[in-house]
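Please keep the sequence and the coordinates in view while reading.

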Amino acid sequence: MLITHDTECALGILVELLNTAPEVAGEEQLPDVAAVDAFVVRCDIGELDAVGPDDVTAVQRLRGQLREVFTAPSTEAAAELVNSLVAAVNATPRLTNHDGHGWHMHYFAPHAALADHLAAELGMALGLILMAGERERLRRCEAPDCARVFVDLSRNRSRRYCDSRTCGNRMHVAAYRARQRSAADAEDQGVPVGA
Ligand SMILES: [Zn+2]
Ligand SMILES: [Zn+2]
């Protein structure tokens with residue numbers, strides 16, 4: 001799959017955003033202007049006017065819509081969601097090479113509000129994944145008590161857990177214990193003698 005650097009960046013922001021939801025993180029990670037501002041800085045989202053209280057509710061709402069794309073039952077359903085997200089915000093494709101980045105496409109309308117900006121950029125990134133027939137790369141972490149999502153960009157689509165340290169470590173430990181158990185089981189059964 002050919003994924004350009006800016007699409008990869010957008011997918012990174014998408015995952016970061018979805019994982020701020022209260023049902024994922026335990027409590028709302030974007031509760032107010034300060035938190036949304038910090039998110040904008042962390043994700044290096046440019047060409048934005050100052051964030052206000054309206055942006056907080058709009059971004060929370062958008063987050064729910066984006067998660068629906070992730071969990072859509074079919075590509076048709078996901079495509080419909082992406083189409084309506086992108087259409088609602090007057091996405092405006094234009095080429096740019098700002099800040100020494102190579103030529104790439106911006107989809108958000110100039111000076112769009114944060115949620116509209118994100119709907120255009122993240123919606124298009126999701127659209128590219130769907131176009132490539134790679135919807136299965138949009139994953140939810142398989143750790144039993146983890147609701148985080150991630151985009152599996154590994155070559156063989158083998159990633160099962162999110163990159164939170166907890167999940168990574170816990171799964172290593174679980175795999176190690178499972179190996180020990182099956183080794184112990186093999187010993188208990190013993191080796192058939194005189195068969
Ligand atoms: Zn850019
Ligand atoms: Zn996880």
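This is a predicted model: local features need pLDDT of at least 70, side-chain atom pairs count only at pLDDT 80 or more; totals for chains, interfaces and linings use all residues.

Leaving aside neighbours within four places in sequence, Ala21 is in contact with Arg63 and Arg67. Ala21 lies in the loop between H1 and helix H2, the latter spanning residues 22–25. Along the chain, Ala21 and Arg63 are 42 residues apart, yet a separation of 7.6 Å is found between their C-alpha atoms. Is Ala21 buried or exposed? Ala21 counts as buried because 21 other C-beta atoms lie within 10 Å, the threshold for that class being 20 or more.

The two arginines that Ala21 contacts also take part in the packing of H1 against H4, where Leu14, Leu17 and Leu18 of H1 meet Arg63, Leu66, Arg67 and Phe70 of H4. By class, the residues of this contact divide into five nonpolar, no polar and two charged. The axes of H1 and H4 come within 10 Å of each other and cross at roughly 110 degrees. The two helices are therefore roughly perpendicular, since angles of 65 to 115 degrees fall into that category. The crossing in which H1 passes H4 is left-handed.

H4 also packs against H5. The axes of H4 and H5 come within 8 Å and cross at roughly 155 degrees. That angle makes H4 roughly antiparallel to H5, the cut-off for this description being an angle over 145 degrees. H4 passes H5 in a left-handed crossing. On the H4 side, the contact involves Gln65, Glu68 and Val69, which meet Ala78, Leu81, Val82 and Leu85 of H5. Sorted by class, the contact of H4 with H5 has five nonpolar residues, one polar residue and one charged residue.

From H5 the packing continues to H6. The axes of H5 and H6 come within 9 Å and cross at roughly 155 degrees; H5 and H6 are therefore roughly antiparallel to each other. In this pair, too, the crossing is left-handed, with H5 passing H6. H5 contributes Thr75, Ala78, Ala79, Val82, Leu85 and Val86 to the contact, while H6 contributes Ala119, Ala120, Gly123, Met124, Leu126, Gly127 and Leu130. Which classes of residue make up this contact? The contact of H5 with H6 has 10 nonpolar and three polar residues, and no charged ones. Ala78, Val82 and Leu85 are named in the contact with H4 and again in the contact with H6.

Of its 40 residues, Leu14, Val59, Ala119, Ala120, Leu122 and Ala125 touch the most other members. At least two core residues come from each of helix H1 (5–18), helix H3 (33–42), helix H4 (53–71), helix H5 (75–87), helix H6 (114–131) and strand E4 (149–151). Which element supplies the largest share of the core? That element is H6, with 10 residues.

Cys43 is located in the loop between H3 and H4. With 16 other C-beta atoms within 10 Å, Cys43 is partly exposed. Apart from residues up to four places away in sequence, Cys43 touches Ile13 and Glu16. Cys43 and Cys162 are 119 residues apart along the chain, and their C-alpha atoms are separated by 18 Å.

Asp44 is found in the loop between H3 and H4 as well. Its phi is near 55 degrees, a positive value in a residue other than glycine. Asp44 is exposed, with 10 other C-beta atoms within 10 Å, the limit for exposure being 12 or fewer. Asp99, in the loop between strand E1 (94–96) and strand E2 (104–106), likewise has a positive phi of about 55 degrees although it is not a glycine. Asp99 is exposed because 7 other C-beta atoms lie within 10 Å.

Note on methods
Residues are numbered from 1 along each chain as its sequence is written. Chains are lettered from A and ligands numbered from 1 in the order in which they are written. A nonpolar core is a set of buried Ala, Val, Leu, Ile, Met, Phe, Trp, Tyr and Cys residues joined through C-beta atoms within 7 Å. Helices (H or I, at least four residues) and strands (E, at least two) are DSSP runs, numbered from the N terminus. Axes are lines fitted to C-alpha atoms, for helices over the stretch in contact, and angles run from 0 to 180 degrees between N-to-C directions. Angles under 35 degrees count as roughly parallel, over 145 as roughly antiparallel, 65 to 115 as roughly perpendicular and the rest as oblique. A crossing is left-handed if the near helix is turned anticlockwise from the far one by less than a right angle, and right-handed if clockwise. Two residues are in contact if their C-beta atoms, placed from the backbone, lie within 7 Å. Ala, Val, Leu, Ile, Met, Phe, Trp, Tyr, Cys and Pro count as nonpolar, Asp, Glu, Lys and Arg as charged, and the others, Gly among them, as polar.
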